[in-house]
Each structure stands twice: as C-alpha cells, then as structure tokens.
Amino acid sequence: MSNKMWGGRFSTGPDAIMEEINVSIGFDQRLYAQDIAGSKAHAAMLSAQKIIAAKDAQKIQKGLDTILSEIEAGKFTFRRDLEDIHMNVESRLAELIGAPAGRLHTARSRNDQVATDFRLYVRDTIDTLDEQMADLQRALAEKALAHAGTVMPGFTHLQNAQPVTFGHHLMAYVEMLGRDRGRFADARKRLNESPLGSAALAGTSFPIDREATAAALGFDRPTANSLDGVSDRDFVMETLAAASICAVHLSRFAEEIVIWTSPAFGLVKLTDAFTTGSSIMPQKRNPDAAELARAKSGRIIGALTGILVVMKGLPLAYAKDTQEDKEGTFDALSALSLVIAAIAGMVRDMEPEATRMKAAAGQGYATATDLADWLVRTLNIPFREAHHVTGRIVALASERGVPLHRLSLEEMQGVEKRITQDVFSVLSVTNSVRSRTSYGGTAPARVRQQARRWLKKLGPA
Ligand code: ARG
C-alpha cells in the first residue's frame, strides 16, 4: 500500500529496507510534546489568519490534546509505516477528528516542523541542564567553603608543585561550570528563533503570521530566511560543542577523583554510596561512577563530531541527512545530564583525608617557591638568583633525605649565609597557602570569598 500522507504519486509501498533506513519514529517519538505544541500554535495561527475555519481549528486543538494525553498515558501506538512523529500524530488526528485533520498541514512542511520541534527540544534540554549545572556548582561551592583551609598538594605535571587548599581546587570547577553555562546560554539565545512557516524551503503563499507562532512557542522571533530556517542545524552543533566542553571539564574532574581515591594517593574518600566492589578482590573500592563520567565524554564528543560530519557538504535546503541529527544529540544530552548528576552526587559524598592531604602537600619540597620568595622579600635577592639558591638548598635536603623545614639553620646558611631563623615561618604548608592572598589565590580567606560570592550568586536550591 502506498503512503497515505504522500502516496498520491505512488502505486506501491516501500521496500522493507527502504522503510528500515527511513523510519525515525523509534527515536523521534521523544519530540511528541514539542510536535504537538508546534501543531497547536500553527493551527491557532491558521484560524486567526482565516486560512482555516475556526471550528476546524477547534477540532484540531481538541484532537491534539487527546493525542498528547494518549501518548503520556502510554496508550498511543506508534507506527513504523508512518515513518516519524509528525506523521504519526497527524494520522491519529485524522482517526480522531476526520477531515479537518487534513487542514493542519496547510502552509507547513515536515521540514519546518521538525526544525521547530528539535529547536524546542534542545531549548528545553538546555534549561534542564542549566539547573543541573547550577546544582553542581552549589555542591562544589558548599564543599569548598567547608574545606577552604584544608591543605592539599597542588600539582603541575602531576608532580607536587605548591600546596593549595581542597576548597580552592573545587572552586576551579565552579568557574569552569560558570563558563559552560554561559556557552549553553549563548547557544540558547541564538537557537531561539522559530523556523515554523519556512514551509518546505521557500516560504508559503498563504498569509501566515510567523510572529504569532514564534511568540506562542516562546521563540524570540521567526527565522529570517526560509532556506536557512529548514536546513540550519547550527543550534545542534553549538549545543553539542557546549556539551562537549562541559563533558571534558567533568571528565578531568572525574579523573582527579579516580586519582585522589586510589590508595596510592589516598587524598579523598567516597562512601559506599559511590563505590563499587570487585567480584574477586575483596579489598577493592572502585570509583566506577567517576570512571564512567570520564568515559561518557567520549560519546558526547562523538555526537558533536557526528553532526559536524553530517552537515559538512550538505547543500541547501533540507535533505534527509539531517534526520541523523537526533539520536546522537538525545544520547549525548542525556549522557551529560547523568554525568552532571553523578558528579554532583560524588561531590556531596566525598570527604578529604585531611591528615594525609596535608602530609602529601609537604612532599616533594612543595614549599621551595616560598623559600625563594622569602629570599627575594627579605634579602632583596633577584628572583632568578633566589631560585638558584633554593635549588641548592633543595638538593641538600634531598641528599640528607629530609624535608626543607628539617634542615638546620646552619645547613641553610652554608648555602646562603644571610638566611635567618625567620625563614622557617614560610616552610610549613599551612603558612604557604595562607600567604597566597593575591586575587584568585589559594589563601583560605580568598577561597572563602570565592565560595561565598558564588553561593550568593547561585541562590538557594
Ligand atoms: N523525520 C524527518 C526528520 O527528522 C522529518 C522531515 C522529513 N521531511 C521530508 N521531506 N522527508 O528530518
């Protein structure tokens, strides 16, 4: 049997493989709410413009409401032979209200319909993700406030570099998430234009009111070019780019959780709630949630790559290629949502091993820069020379196998005779972090400031 929606020119139905490659209802049924909202806005506009009769529009509205509740109650049968969500909804509408259903598609094409539905979906998802990211920022800032003064090793090259505080480290991710939210907000701003009324590609001869449908669907304005309206998928690329960057940030954090919780580091503890065991090694406590959060960045970046490749070389206007924009996007955005939730859960769950952290912070001569700075400040030695003197003192400590503060004054004076007892005041990790009071620095007072500023900005949950 040829297709009811477009089968006028056809005498037979599609080959099974044709149907298999073409069908999208398996995944685009997710767009049902947006599809129905779009149709309702379109029908109301058609009626207001007197393109269809008011009584037909009313029947259409009622029918669409019925379909929405049928879908939400799980009572709707999605049919593969009807290809996609748009034709499934329209066909059911015809069953429910008869002939007036056929008037809904006046001045509209599935091309502008799907572009509208998907923009609405992506916009809704961005809003949910934004709330989740804000929640994660809150969790991080709260934990940071509690540990503004908890000293931990700061690394460069994953080698002990200078002591920092755990709170300071967590606040770094609050900043990253702030930029991530900004990127999503930018994408949202640009995507918030309505393609509805672009019709197939050229616009329509009917006197439609695109401003009205745009406003009804919460768009800022209609898209200005009908070819662009139906073929643009920038909004998908931009959103997935923002998602990928966010996923990369969270993957870095996840990696740190994996490192910190490894017994070889032993800097952070997760409770049983965020740990799994091993089926063979009874002692194991594995950070699987962090590992999966790290790994899921792969599929999110994959979705971005996927859509970029789909769009590359695609001539204007619509081509069925763009149907491939959805699965990767659905998958990537739900993966990101899950990752954010898992990271927020781990942040709330984790506790630093403060004693071990502090001890580790002092390892590897981590206060050597403090010693060099002391030489500059107290003896007015140029920094490069102070660096050299400090290097020699570190070498001496290393030969003796002791940390810097365990060298005697005489031993230090053997390298630089003007060094005084006062130098010991800067060699402890606590004093080291306390001294880093520059704006954005790790001094506990600064960290508290940062955390409080963010918590105020984020507001209560
Ligand atoms: N299912 C299609 C998609 O997702 C809808 C648009 C189909 N348009 C068309 N002319 N075949 O892109």
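Tyrosine 121 is buried, at a relative accessible area of 12%. Buried here means under 20% relative accessible area, with a 1.4 Å probe and protein chains only. Phenylalanine 118 is buried too, with a relative accessible area of 0%. The model is predicted: local features need pLDDT of at least 70, side-chain atom pairs count only at pLDDT 80 or more, and totals for chains, interfaces and linings use all residues. Residues are numbered from 1 along each chain as its sequence is written, and side-chain values use heavy atoms, leaving out hydrogens and water.

Phenylalanine 118 and tyrosine 121 sit three residues apart in helix 6, so about one helical turn separates them. Helices are DSSP runs (H or I, at least four residues), numbered from the N terminus.

A pair of aromatic rings is described by the distance of the centres and the angle of the planes. Rings of Phe, Tyr and Trp (its six-membered ring) pair if their centres lie within 6.5 Å; planes under 30 degrees apart are stacked, over 60 edge-to-face, and the rest tilted. By this rule there are nine aromatic pairs. The rings of phenylalanine 118 and tyrosine 121 have centres 6.4 Å apart and planes at 20°, so this pair is stacked. Both belong to one aromatic cluster, formed by Phe118, Tyr121, Phe235 and Phe330.

Phenylalanine 118 is buried, with a relative accessible area of 0%. Now take another pair. For phenylalanine 166 and tryptophan 260 the ring centres are 5.7 Å apart and the planes stand at 65°, so the pair is edge-to-face. This pair links distant parts of the chain: phenylalanine 166 lies in helix 7 (residues 166–191) and tryptophan 260 in helix 10 (residues 234–261), 94 residues apart. Phenylalanine 166 and tryptophan 260 are both buried.

Next comes the ligand. Its surrounding residues, each with a heavy atom within 4 Å, are Ser24, Asp28, Asp84, His86, Arg110, Asn111, Val114, Tyr318, Lys320, Gln323 and Lys326. Helix 6 (residues 110–146) gives the largest share of this shell, three residues. Domain 1 (16–103) and domain 2 (110–150 + 166–206 + 223–359) each supply at least three residues.

Polar contacts are pairs of N or O atoms within 3.5 Å. In the side chain of tyrosine 318, an N or O atom is 2.5 Å from an oxygen atom of the ligand. An N or O atom in the side chain of glutamine 323 is 2.8 Å from a ligand nitrogen atom. A polar side-chain atom of arginine 110 lies 3.4 Å from a nitrogen atom of the ligand. The protein covers 86% of the 340 Å² of accessible area that the ligand has on its own.

Methods: A polar contact is a pair of N or O atoms within 3.5 Å; within protein, one must be able to donate a hydrogen and the other to accept it, and residues adjacent in sequence count only if both atoms are side-chain atoms. Accessible areas come from the Shrake-Rupley method with a 1.4 Å probe; for residues, only the protein chains shown count as cover. Helices (H or I, at least four residues) and strands (E, at least two) are DSSP runs, numbered from the N terminus. Domain bounds come from an automatic or database domain assignment. Buried means under 20% relative accessible area, exposed over 50%, partly exposed in between (1.4 Å probe, protein chains only).
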